[in-house]
Amino acid sequence: MKAVRFHETGGPEVLVYEDVNDPTPGAGEVLIKVDAVGLNFADIIRRRGDAYPEASPTPFILGAEVAGTIAALGEGVTGIQVGQPVLAAPGAGGYAQYVVVPATTMIPLPEGFDSVAAAALLGHGLTAIVALKQAAKIQPGETILIEGAAGGVGSFAIQIAKLYGAGKVIAAASTPEKRAKAESLGADASVDYTKPGWSDEVKWLTDGKGVDIVIETTGGDVLGQALDAMAPFGRMIFLGQSSGETALIDPWRLTSMNHSVVGFYITAYLNDVQLLMATVGELISFVTSGQVKIQVGTVLPLSKASEAHRLLEGRKTFGKVVLQPWIDV
């Protein structure tokens, strides 16, 4: 089969489109023919060799979320059929024409659900919904600041926060076009988080109080300013640092305002199969009812993975970036 691997860490050019052996499902596993694989910024981090909670031993195949059809069943797998459309979060291995996953973790898709749209659900949609509900414990009427608001996670988080009753959603994005996109998805206001002193604008938008919740995705100096934009007892949910710059927080800075910073790693939640199934079911119902619109910005053949990484890393995309392994170069 065709796959994209990196044999050493580095820039997008280290991604190699090549032939690898077809995987075979073992007992309790299924083989998925991958129709679409969604990109996440975690892919960039692992390819660069930045700090990450899991190792990426080379040669390594990225790809944490896939949509496709069941191609083969391992021993002992029952209740599903070859050809059934499914969604899965293998964690890695998705930049390929086939991937093997435990049968208990794959999620049946409704007939006719577009595979490209489905590939956006787990990494970004699931991250947004779990971060808001489980980590932030969002309550009706609370205000929230969402960084990277026009991106994959951000575009879901805006819409889901509104569904959960957020009082005011403030989008943080780097260009007028991205801020306009975020507001079109339901954000009540937007700010340019590349501009000095933007936290003062957030305070002004919240009548001097600040926001109750921050979805932090940038790191570096932006994180410090986001802390300045938080209300007393505010919660920051740290999803990552797309800037590649680490932020150091003096614990004393948190005390007087009773601020909390909560680490978030979606893979840890995927081990809870009951939570996973219930949450994905809720997410699919939001999409099929039209309450949440999936934002797919760029779709490329798998062979163009390097180009996809350049676009994502350069923040030149809106919404989700998706690769298709069976599309010609």
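**Figure 1. Gln-81 sits in the loop between β4 and β5 (85-88).** The model is predicted: local features need pLDDT of at least 70, side-chain atom pairs count only at pLDDT 80 or more, and totals for chains, interfaces and linings use all residues. Residues are numbered from 1 along each chain as its sequence is written, and side-chain values use heavy atoms, with hydrogens and water left out. Strands (E, at least two residues) and helices (H or I, at least four) are DSSP runs, numbered from the N terminus. Gln-81 has a relative accessible area of 59% and is therefore exposed. The cut-offs are over 50% for exposed, under 20% for buried and in between for partly exposed (1.4 Å probe, protein chains only).

**Figure 2. Tyr-52 and Tyr-265 form one of the 5 aromatic pairs found in a search of the whole structure.** Rings of Phe, Tyr and Trp (its six-membered ring) pair if their centres lie within 6.5 Å; planes under 30 degrees apart count as stacked, over 60 as edge-to-face and the rest as tilted. The pair of Tyr-52 and Tyr-265 is edge-to-face, at 6.0 Å centre to centre and 85° between the planes. The two residues are 213 residues apart and link distant parts of the chain. Tyr-52 lies in the loop between α1 (41-48) and β4 (65-73), and Tyr-265 in the loop between β13 (260-263) and α9 (266-270). Tyr-52 is partly exposed, with a relative accessible area of 24%; for Tyr-265 the value is 24%, again partly exposed.

**Figure 3. Helix α3 (residues 121-135) spans only 18 Å between its end C-alpha atoms.** A straight helix of 15 residues would span 21 Å at 1.5 Å a residue, the expected span being 1.5 Å times one less than the number of residues. Of the 15 residues in α3, 13 are buried, and the helix is mostly covered. Thr-127 belongs to α3 and counts as buried at 7% relative accessibility. Beyond residues up to four places away in sequence, Thr-127 touches Leu-122, Val-153, Leu-239, Phe-264 and Ile-266; contact means heavy atoms within 4.5 Å.

**Figure 4. Leu-300 is part of strand β14 (residues 296-301).** Its relative accessibility is 14%, so Leu-300 counts as buried. Neighbours within four places in sequence aside, the contacts of Leu-300 are Glu-307, Ala-308, Leu-311, Val-322, Leu-323 and Gln-324. Val-101 is 199 residues from Leu-300 in sequence and 24 Å away in space, C-alpha to C-alpha.
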